[in-house]
Amino acid sequence: MKQTAKFWDKHAAKYALSPIKDQAAYDYTLERTRSYLKAQHRALEIGSGTGSTALRLAGNVAQYTGTDISPEMIRIATEKVKAAGVDNLRFRVCSAGQSAQEAAGVDVVMGFNILHLTEDLQGILGSLHRNLAPDGLLITKTPCLGEPSIGVMRVALRVLIPVMQFFRKAPFVQTLSFKQLETMITEAGFKIVETATAPKMSRYIVARRA
């Protein structure tokens, strides 16, 4: 876990300055996510990075907490919150697994571009299902690098990622398909209520605690 935190600490400043690669897909994610958020909700975002998405969504709920394994990511996110003057948003250093275990009573858990980076995804999904409020929502968007529909890119990624990891240029990554991800979510006890593909490699999923 410390190694993962150090990896993201090293890349935090560059990550904070990086432009959104697919603005249309990002806007779609925000639009669909907002449609599920309510003014009384308590929301948790796992893997919130430097807080850009949290700042855009916090105004739609009563309380918003962002967590990330990287202290440097959280430092940058906290500075953004102070500059923006948002009073219902806070950030804290916490792994995805710890966040899931501490999500008691939360109404909505979000995770954007994070599930494929977790080593115990099934355990995390199980913890979220146990801890979410009744009828609580899990809203995620996940790059699925093992998705057959992306064609030859899937093969290229399977070769490239281990090489990058060897040179410490990439973190742990799961190569999931859309079907594998959705099966893991339903096996954890959730009922999927919406899916979308935007961009082509990423699966947007809304699931409810059954």
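Visitor: In which loop does Asp135 lie?

Guide: This is a predicted model, in which local features need pLDDT of at least 70, side-chain atom pairs count only at pLDDT 80 or more, and totals for chains, interfaces and linings use all residues. Residues are numbered from 1 along each chain as its sequence is written, and side-chain values use heavy atoms, with hydrogens and water left out. Helices (H or I, at least four residues) and strands (E, at least two) are DSSP runs numbered from the N terminus. On that numbering, Asp135 lies in the loop between helix 6 and strand 5 (137–143).

Visitor: Is Asp135 buried or exposed?

Guide: Buried means under 20% relative accessible area, exposed means over 50%, and partly exposed is in between, with a 1.4 Å probe and protein chains only. Asp135 has a relative accessible area of 52%, so the residue is exposed.

Visitor: What is the phi of Asp135 near?

Guide: Most residues other than glycine have a negative phi. Asp135 is a residue other than glycine with a positive value. Its phi is near 65°.

Visitor: Which value does phi of Asn113 lie near?

Guide: Asn113 is found in the loop between strand 4 and helix 6 (121–131). At 40% relative accessibility, Asn113 counts as partly exposed. Its phi is positive, although the residue is not glycine, and the value is near 60°.

Visitor: Which residues does a cis peptide bond join?

Guide: Most peptide bonds are trans. Here a bond with omega of about -5° is cis, and its proline is found in the loop between strand 6 (190–197) and strand 7. The residues joined are Ala198 and Pro199.

Visitor: How far apart in sequence are the parts that Arg42 and Asp107 tie together?

Guide: A salt bridge is a side-chain nitrogen of Lys or Arg within 4 Å of a carboxyl oxygen of Asp or Glu. Arg42 forms one with Asp107, the closest N and O atoms being 3.9 Å apart. Because Arg42 lies in strand 1 (residues 42–46) and Asp107 in the loop between helix 5 (96–101) and strand 4 (108–112), the parts tied together are apart in sequence by 65 residues.

Visitor: Which residue meets Arg203 in a salt bridge?

Guide: The N to O distance of this pair is 2.7 Å. The bridge links distant parts of the chain, from strand 7 (residues 202–209) to helix 8, 21 residues apart.

Visitor: Within what arc do the buried residues of helix 8 fall?

Guide: In helix 8 (residues 178–187), the residues Phe178, Leu181, Glu182, Met184 and Ile185 are buried. They line one face of the helix, because, seen down its axis, they fall within an arc of 155°. The arc is that of the directions from the helix axis to the C-beta atoms.

Visitor: Which exposed residues does the face of helix 8 turned away from its buried side carry?

Guide: Glu182, in helix 8, is among the buried residues. The face turned away from the buried side carries exposed residues instead. These are Lys179 and Glu187.

Visitor: How far apart in space are Pro171 and Gln3?

Guide: Pro171 has its place in the loop between helix 7 (152–166) and helix 8. With a relative accessible area of 15%, Pro171 is buried. Pro171 and Gln3 are 168 residues apart in sequence, while their C-alpha to C-alpha distance is 9.0 Å.

Visitor: What is the relative accessible area of Glu45?

Guide: Glu45 has its place in strand 1. Glu45 and Lys21 are 24 residues apart in sequence and 21 Å apart in space, C-alpha to C-alpha. Glu45 is buried, and its relative accessible area is 2%.
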